[in-house]
Amino acid sequence: MHTKSAARNIFYGGSLFFLLIFFGLTAHSHYYAKNVSTDETTLTESVAHGKKIWEDKSCVNCHTILGEGAYFAPELGNVWIRFGGNDDEEGAREALKDWMKNQPSGIEGRRQMPQFNLTEAELDNLVDFLKWVSTIDTNGWPPNEAG
Amino acid sequence: MKYQSQKIAIAYFAVAMALFAVQVLGGLLAGFIYVFPNFLADLVPFSVVRMVHTNALVVWLILGFFGAAYYLVPEEAEREIYSPKIAYLQLIILTVGTLGAVITYVFNLFEGNVVLGLQGREFLEQPLWVKLGIIVAALLFLFNISMTVLKGRKTAITNVLLLGLWGIAIFFLFSLYVPDNLVLDKMYWWYVVHLWVEGVWELVMASILAFLLLKLTGVDREVVEKWVYVIVALALFSGVLGTGHHYYWIGTPKYWTWIGSIFSAMEVVPFFAMVVFAFTMVWKGGRNHPNRAAVLWALGSAVMAFFGAGVWGFLHTLHGINFFTHGTQITAAHGHLAFFGAYVSINLAIITYSIPYLLKREPYNQVLNMVSFWIMNSAMAFMTVVLTFAGVIQTHLQRVNGDYFMDVQDQLSLFYAMRFGAGAIFVIGALLFIYAIFVPRKELISAPSTAPAE
Ligand code: HEM
Ligand code: HEM
Ligand SMILES: [Fe+2]
């Protein structure tokens with residue numbers, strides 16, 4: 001009986017202890033995410049709207065973004081960089097929009113991305129979102145442009 | 001079955017098993033699309049199939065937990081469930097919500113609508129109204145079970161089970177927070193996903209396992225309960241800060257690389273402890289419970305959880321390795337074996353144990369059930385190995401050599417074909433299990449002559 005109640009008390013006390021540390025670190029990480037690893041002044045309406053479209057279309061159930069999501073289609077956290085956005089902003093924007101407009105490819109034996117029939121403005125929102133994501137300080141991930 | 005209200009569990013298990021079938025058929029279809037990517041592409045995109053697969057999984061596992069609670073709490077608390085009506089109302093809400101979610105996904109209804117449309121974050125895609133329904137259902141459940149326990153005998157098993165189920169509800173609240181900043185979004189997304197499977201769900205698993213071992217082996221309750229507290233303490237001490245293994249590359253501070261690596265590496269320990277616990281109890285107990293299928297599932301659950309969560313989790317949890325494997329087929333391999341070993345198997349174990357009592361089918365016809373055990377376990381082991389090979393190759397070609405994602409995928413087609421094959425076998429095993437559970441048959445083997453257990 002004695003060891004059982006000791007085990008129980010250690011469980012309650014210890015769990016509370018680790019939870020409190022975790023919440024404390026969360027608070028700091030929250031601050032860090034808003035001020036250090038991202039620049040929220042660049043998080044425009046358009047970026048936020050792009051994120052909403054990303055969710056409405058459930059893009060994450062084919063693609064990964066910062067390595068999380070489905071493994072069916074390429075990583076998109078760095079797609080802006082892969083499309084050369086850092087060198088040629090306009091070119092990358094047009095290329096990304098064209099890409100989305102031209103789906104599905106219909107190529108036999110190739111994975112298909114649906115046609116979402118997005119307006120020009122929505123496409124710009126999405127591109128703004130993907131561009132913004134590429135500016136997050138991710139500790140050097142992914143290892144290379146392939147994502 | 002000593003208490004009438006334990007019957008509630010039948011309804012929960014029935015809906016859970018229906019969704020289990022939906023889940024594995026959805027998985028099989030997703031696996032088929034990997035092999036024949038043009039299949040259904042214009043009608044039902046891969047993303048929709050995947051949502052059905054993963055959502056059905058999570059919902060049926062939780063329904064199974066609820067069913068398990070309705071079965072074991074009366075026996076532990078030594079009294080009837082406070083209100084069977086509330087329990088059935090809760091099930092109706094959850095079933096309607098699940099159907100609503102599936103219909104919304106498949107027919108792409110109300111796209112973009114804040115309340116009715118899907119919310120496309122992985123695993124948490126349920127439309128807002130369904131999420132709110134889940135919360136209401138969870139509150140009904142917690143009220144109902146808490147009232148039962150408060151008025152009855154309090155044991156470590158009900159204590160830990162209740163704590164785990166409260167935790168499930170509390171952490172689910174974070175699914176309602178969808179900030180515009182993707183880093184914050186991801187940070188709190190893991191509050192649900194990680195703190196569920198590597199936190200509070202472990203409490204549920206440990207308590208169900210303890211209940212089963214208590215009933216199946218006849219070991220002293222005092223011993224079992226001491227083990228339970230040690231296991232769940234190990235789980236939370238490592239698992240809470242272990243969340244850091246998801247905070248390496250999403251824009252969170254650098255210190256998580258070390259905190260995450262160290263604490264998540266220790267997450268292996270509680271899973272190992274569950275293996276030792278299960279085998280020690282069965283060996284010490286000496287009682288030969290006639291429901292051998294239930295013993296098999298209980299032991300199998302501990303072992304496969306150790307491999308899936310423990311070994312396959314450790315495989316990619318250190319940040320130096322995760323830098324390369326993050327978000328590859330390695331993750332998929334781990335996700336499958338961990339979910340199957342820990343939470344699918346513990347659910348199938350409690351179902352296997354309780355159904356003969358609930359349906360008054362003693363002595364037990366569980367030979368088919370045991371066959372399904374071996375089919376599902378071998379198929380899942382094979383699928384995991386295949387995906388692991390695919391993941392290693394993908395990691396090397398894509399993350400080390402820098403080859404383009406789609407070109408690498410083309411080179412993995414053999415593994416995806418084998419994954420589909422393993423999936424087909426798994427589905428057969430799953431359907432066989434459901435058949436063996438619900439379709440009463442005559443006893444096929446003679447029951448051991450030892451006295452039946454509680
Ligand atoms: C039964 C318990 C567990 C379950 C059900 C589980 C399940 C999962 C799932 C489904 C994912 C993928 C999440 C996503 O979609 O992004 C995941 C990721 C991960 N899990 Fe687990 N897991 C469990 C335990 C563990 C343990 C004990 C460890 C460490 C020892 C671990 C290490 C990891 C790591 C490092 C990742 C991230 C992989 C990546 O970077 O892509 N898991 N887990
Ligand atoms: C019929 C057998 C199955 C097949 C063919 C199958 C196939 C798949 C496929 C193709 C995916 C999507 C991977 C991607 O995003 O590219 C997936 C995801 C997933 N499946 Fe299955 N599955 C099967 C059974 C199961 C079972 C039994 C479980 C639970 C134990 C499960 C749990 C999951 C989870 C958790 C994910 C998300 C993985 C992650 O994000 O890391 N599946 N499955
Ligand atoms: Fe985790």
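At 3% relative accessibility, A:S58 counts as buried (buried means under 20% relative accessible area, exposed over 50% and partly exposed in between, using a 1.4 Å probe and the protein chains only). A:S58 has a positive phi of about 60° despite not being a glycine, and you'll find A:S58 in the loop between α2 (45–56) and β1 (64–65) of chain A. Helices here are DSSP runs of H or I with at least four residues, strands are runs of E with at least two, and the numbering starts from the N terminus. A:L66 has a positive phi too, about 55°, and isn't a glycine. A:L66 sits in the loop between β1 and β2 (68–69) of chain A and, at 3% relative accessibility, counts as buried.

A quick word on what you're looking at: this is a predicted model, with local features needing pLDDT of at least 70 and side-chain atom pairs counting only at pLDDT 80 or more, while totals for chains, interfaces and linings use all residues. Residues are numbered from 1 along each chain as its sequence is written, chains are lettered from A and ligands numbered from 1 in the order in which they are written, and side-chain values use heavy atoms, with hydrogens and water left out.

## Two cis prolines

Most residues other than glycine have a negative phi, and most peptide bonds are trans. Chain A has a cis bond from A:Q103 to A:P104, with omega near -5°; A:P104 belongs to the loop between α4 (89–101) and α5 (120–133) of chain A. The peptide bond from A:W141 to A:P142 is cis as well, with omega near 0°, and A:P142 lies in the segment after α5 of chain A.

A:T138 is found in that segment after α5 of chain A, and with a relative accessible area of 8% A:T138 is buried. A polar atom of the A:T138 side chain lies 2.5 Å from the backbone oxygen of A:W141. (A polar contact is a pair of N or O atoms within 3.5 Å; within protein, one must be able to donate a hydrogen and the other to accept it, and residues adjacent in sequence count only if both atoms are side-chain atoms.) Leaving aside residues up to four places away in sequence, A:T138 touches A:L66, B:Y248, B:W249 and B:G251, where contact means heavy atoms within 4.5 Å.

## The iron atoms

What does the protein give the iron atom of ligand 1? There's a single donor, NE2 of B:H334, 2.0 Å away. Donors are N, O and S atoms within 2.8 Å of the metal (3.2 Å for Na, K and Ca), and water is not among the atoms, so sites may look incomplete. B:H334 lies in helix α12 (residues 329–358) of chain B. The iron ion, ligand 3, is 4.3 Å from the iron atom of ligand 1.

## Around ligand 2

Residues from chains A and B surround ligand 2, so this site is shared between chains. Of the 28 residues around ligand 2, A:Y71, B:Y34, B:R50, B:H53 and B:H336 come nearest; a residue counts as near if one of its heavy atoms lies within 4 Å. By class, the shell has 17 nonpolar, eight polar and three charged residues. Nonpolar covers Ala, Val, Leu, Ile, Met, Phe, Trp, Tyr, Cys and Pro, charged covers Asp, Glu, Lys and Arg, and the others, Gly among them, are polar.

The largest share, seven residues, comes from α1(B).

## Aromatic pairs

Over all chains, the structure holds 54 aromatic pairs. Rings of Phe, Tyr and Trp (its six-membered ring) pair if their centres lie within 6.5 Å; planes under 30 degrees apart count as stacked, over 60 as edge-to-face and the rest as tilted. One of these pairs is B:Y82 with B:F143, edge-to-face at 5.5 Å centre to centre and 90° between the planes. This pair links parts of the chain 61 residues apart: B:Y82 from the loop between α2 and α3 (84–107) and B:F143 from helix α4 (residues 128–151), all in chain B. B:Y82 is partly exposed at 35%, and B:F143 is partly exposed at 39%.

B:F389 and B:F415 are stacked, 6.4 Å centre to centre with 15° between the planes. They join helices α13 and α15 of chain B, 26 residues apart, and B:F415 is buried at 15% relative accessibility. One aromatic cluster takes in A:F22, A:F23, B:F171, B:F174, B:Y177, B:Y188, B:Y191, B:Y247, B:Y255 and B:W256.
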